Amino acid sequence: LSLIKKDRPDAVIGFGGYPSMPPAFAAGLKGVPVILHEQNAVLGRVNRLLASKATNIATSYPVTYTSDAAVRSKMIFTGNPVRDEVAEKAGVPYTPPIDGAPIKVVVLGGSQGATVLSDTVPEAITALPEGLQSRLHVTQQCRPEDLERVKATYDGGHATVDLAAFFENVPDLLADAHLVIARSGASTMAEIAVIGRPAIYVPYKFAMDNHQFRNAAASVEAGGAKLISQDEFDPETLAPLLETLLSDGDALKAMAGAAKSLAEPYAAQKLAQLVTTGTVEDLKQEVTGKVMS
């Protein structure tokens, strides 16, 4: 409260994490305009608590779930801003696999990997027919403690594999991928959509309000992705899906186009417009690869 009184901001913007709660709440008490941004397809707990004090709520999805009609009336779709490095890849076209050529699969588990992906993806890939498997170039993010056992599983197969706990060049990997297997966190999904790549999503089942499932469902409904729940994500389920998708370039290309149809490459500019003017224009310019910081 003292900081708000001292600094007299024109607006306070909250992004839903717990650190945004005190300043946004204080701003509301002091009559300072509050704009919230919701990453996920369901309004999160902190944003729900702040919603009554918000002037507007920017959303990453055209439909963001809330049971409160008054809160829903404050929502304006802007999309989820992505990094400049991702936006620069928005113009890279999707090229489906060519017969006999390498097929590139990228496996991402979030900021620290996901053990369920380490448990399942290598076994599914090594169960594929040898001819298909030998064409695969798999780049997989793993937790450090999972790296050795994941490598051991892949060593029993025929795919070319690159494993690491962290990759610096994720935008390049996504732009080069024929298929992505990932958790369905909001930032990951926004990046995949902006670049326009087909995906198999495995929502984290303990996410608050099951928001990762709702995030993934939006892409599945558009035709841009397949969804496998964490409880059903096993090699016996994944392997036949991989074989079907990776053997059908036309289907992959259609999924890539559907995924890209959900993207909002101008999300940062639209959010800035909402903060400064209270409205959002429909930005139709050609993608320049730059977003407003």
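Welcome! Thr139 stands opposite Asp162 in strand 7, and five bridges join strand 6 (residues 136-141) to strand 7, the two running parallel. This is a predicted model, in which local features need pLDDT of at least 70, side-chain atom pairs count only at pLDDT 80 or more, and totals for chains, interfaces and linings use all residues. Residues are numbered from 1 along each chain as its sequence is written, and side-chain values use heavy atoms, with hydrogens and water left out. Helices (H or I, at least four residues) and strands (E, at least two) are DSSP runs, numbered from the N terminus.

- Six strands form an open sheet in the order 7-6-5-8-9-10, with parallel pairing; two strands pair if DSSP finds at least two bridges between them.
- At its edges are strand 7 (160-164) and strand 10 (225-227), each of which pairs on one side only.
- On average, neighbouring strands here are turned by 15 degrees against each other, direction ignored. Axes are lines fitted to C-alpha atoms, for helices over the stretch in contact, and angles run from 0 to 180 degrees between N-to-C directions.
- Helix 6 lies across strand 5 (103-108), strand 6 and strand 8 (179-182), and runs at about 170 degrees to strand 6.
- Helix 11 (residues 211-222) lies across strand 9 (199-201) and strand 10, at about 135 degrees to strand 10.

- A second topic is the open sheet of four strands, which has the order 1-2-3-4 and parallel pairing.
- Strand 1 (12-14) and strand 4 each have a single partner strand, so one side of each is left without a neighbour in the sheet.
- Neighbouring strands of this sheet are turned by 25 degrees against each other on average, direction ignored.
- Strand 2 (residues 34-38) and strand 3 run parallel and are joined by four bridges. Ile35 has Asn56 of strand 3 as its bridge partner, and His37 has Ala58 of strand 3.
- Between strand 2 and strand 3 the chain passes through helix 3 (residues 45-50), in a β-α-β crossover that is right-handed. That term applies if, with the strands pointing away from the viewer, the path from the first strand over the helix to the second runs clockwise.
- Three bridges link strand 3 to strand 4 (residues 75-77), again in parallel, and Thr59 has Phe77 in strand 4 as its bridge partner.
- From strand 3 (residues 56-59), Asn56 and Ala58 point one way while Ile57 and Thr59 point the other way, and all are buried. Buried means under 20% relative accessible area, exposed over 50%, and partly exposed in between (1.4 Å probe, protein chains only).

**Val46 in helix 3**

- Val46 has its place in helix 3 and is buried, with a relative accessible area of 3%.
- Leaving aside neighbours within four places in sequence, Val46 is in contact (heavy atoms within 4.5 Å) with Gly16, Gly17, Tyr18, Ser20 and Met21.
- The C-alpha atoms of Val46 and Glu88 are separated by 32 Å, and these residues are 42 apart along the chain.

**Helices 6 and 12**

- Helix 6 (residues 115-126) packs against helix 12 (residues 235-246) at an angle of about 50 degrees, with axes 8 Å apart.
- That angle makes helix 6 oblique to helix 12: angles under 35 degrees count as roughly parallel, over 145 as roughly antiparallel, 65 to 115 as roughly perpendicular and the rest as oblique.
- The contact is made by Thr120, Val121, Glu123, Ala124 and Ile125 of helix 6 and by Pro235, Leu238, Ala239 and Leu242 of helix 12.

**Helix 10**

- Eight of the ten residues of helix 10 (residues 186-195) are buried, so this helix is largely enclosed by the rest of the structure.
- Its buried residues are covered by elements including helix 5 (84-87), helix 9 (170-176) and helix 13 (249-261).
- Just after helix 10, Gly196 takes a positive phi of about 80 degrees.

**Positive phi in a loop**

- Most residues other than glycine have a negative phi.
- Asp209, in the loop between strand 9 and helix 11, has a positive phi near 60 degrees and is partly exposed at 34% relative accessible area.
- Asn210 lies in the loop between strand 9 and helix 11; its phi is positive, about 55 degrees, although it is not a glycine, and it counts as partly exposed at 36% relative accessibility.
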